[in-house]
Amino acid sequence: MEGEARAAVEFPAVTMSTISPTDFDSVEIQQQYNDINNRWDIAAETEWDNENSSARLFERSRIKALADEREAVQKKTFTKWVNSHLGRVTCRIGDLYTDLRDGRMLIRLLEVLSGEQLVKR
């Protein structure tokens, strides 16, 4: 399962004098499992420790892509919300960041939301 630490499989120490012919295959298989687990652990550690590894670069690029996608979705959603309220006074914004920058549309939005006319200076 993801997120769980893998425990190394430990087997009791066996000497050649205590191994019967039927046990030999079992001991050999156990040793092969230990070798495979050790190689996997070493490969995983060196792969993730390397700052420029392909896995690390892929992880970073994927996180960046997801963050960019999330920001675009939030911007689009908030723009639609603002336009749904500004539609009551026949106003509309195209780009959330540039159209609210000077404050005029933001004041109109606040007037719609509060139901009060704000003092213009």
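**View 1. Overall secondary structure of the protein chain, which comprises four helices and zero strands.** In this predicted model, the order of elements read along the sequence is α-α-α-α. The protein chain has 121 residues, of which 14% count as buried, and its accessible surface comes to about 10,300 Å², with 56% of that surface belonging to carbon and sulfur atoms. Among the contacts in the protein chain with a separation of 6 or more, 23% are accounted for by residues 24 or more positions apart.

**View 2. The largest nonpolar core of the predicted model, a set of seven residues.** The members of this core are V82, L86, C91, I93, L96, L100 and L109. Two of them, V82 and L86, fall within the residue range of α2, which spans 54-86, while L109 is a buried residue of helix α4. Around L100, once residues up to four places away in sequence are set aside, the view shows contacts with D95, M105 and L106.

**View 3. Helix α4, residues 104-114, and its buried residues.** Within this helix, L109, E111 and V112 are buried. Because these buried residues fall within an arc of 160° when α4 is seen down its axis, they line one face of the helix. The partner against which the buried residues of α4 pack is helix α2, residues 54-86. L109, one of the buried residues of α4, is also a member of the largest nonpolar core.

**View 4. The residue that follows helix α4, G115.** After α4, which covers residues 104-114, the chain continues with G115, and the phi angle of this residue is positive, with a value near 75°.

**View 5. The one aromatic pair held by the structure.** The pair is formed by F78 and W81, and its geometry is stacked, with a distance of 5.4 Å centre to centre and an angle of 15° between the planes. The angle between the planes is under 30 degrees, which is why the pair counts as stacked. Both F78 and W81 lie in helix α2, where they are three residues apart, or about one turn of the helix. F78 has a relative accessible area of 38% and is partly exposed, and W81, at 36% relative accessibility, likewise counts as partly exposed.

Technical notes
Residues numbered from 1 in each chain as written. Predicted model: local features only at pLDDT ≥ 70, side-chain atom pairs only at ≥ 80, totals over all residues. Heavy atoms only, no water. Buried < 20%, exposed > 50% of the residue type's maximum accessible area, 1.4 Å probe, protein only. Helix = DSSP H or I, 4+ residues; strand = E, 2+ residues; numbered from the N terminus. Arc of directions from axis to C-beta. Contact = heavy atoms within 4.5 Å. Areas by Shrake-Rupley, 256 points an atom, 1.4 Å probe, with all protein chains shown as cover. Core = buried A, V, L, I, M, F, W, Y, C linked by side-chain atoms within 4.5 Å. Phe/Tyr/Trp six-rings, centres within 6.5 Å; stacked < 30°, edge-to-face > 60°.
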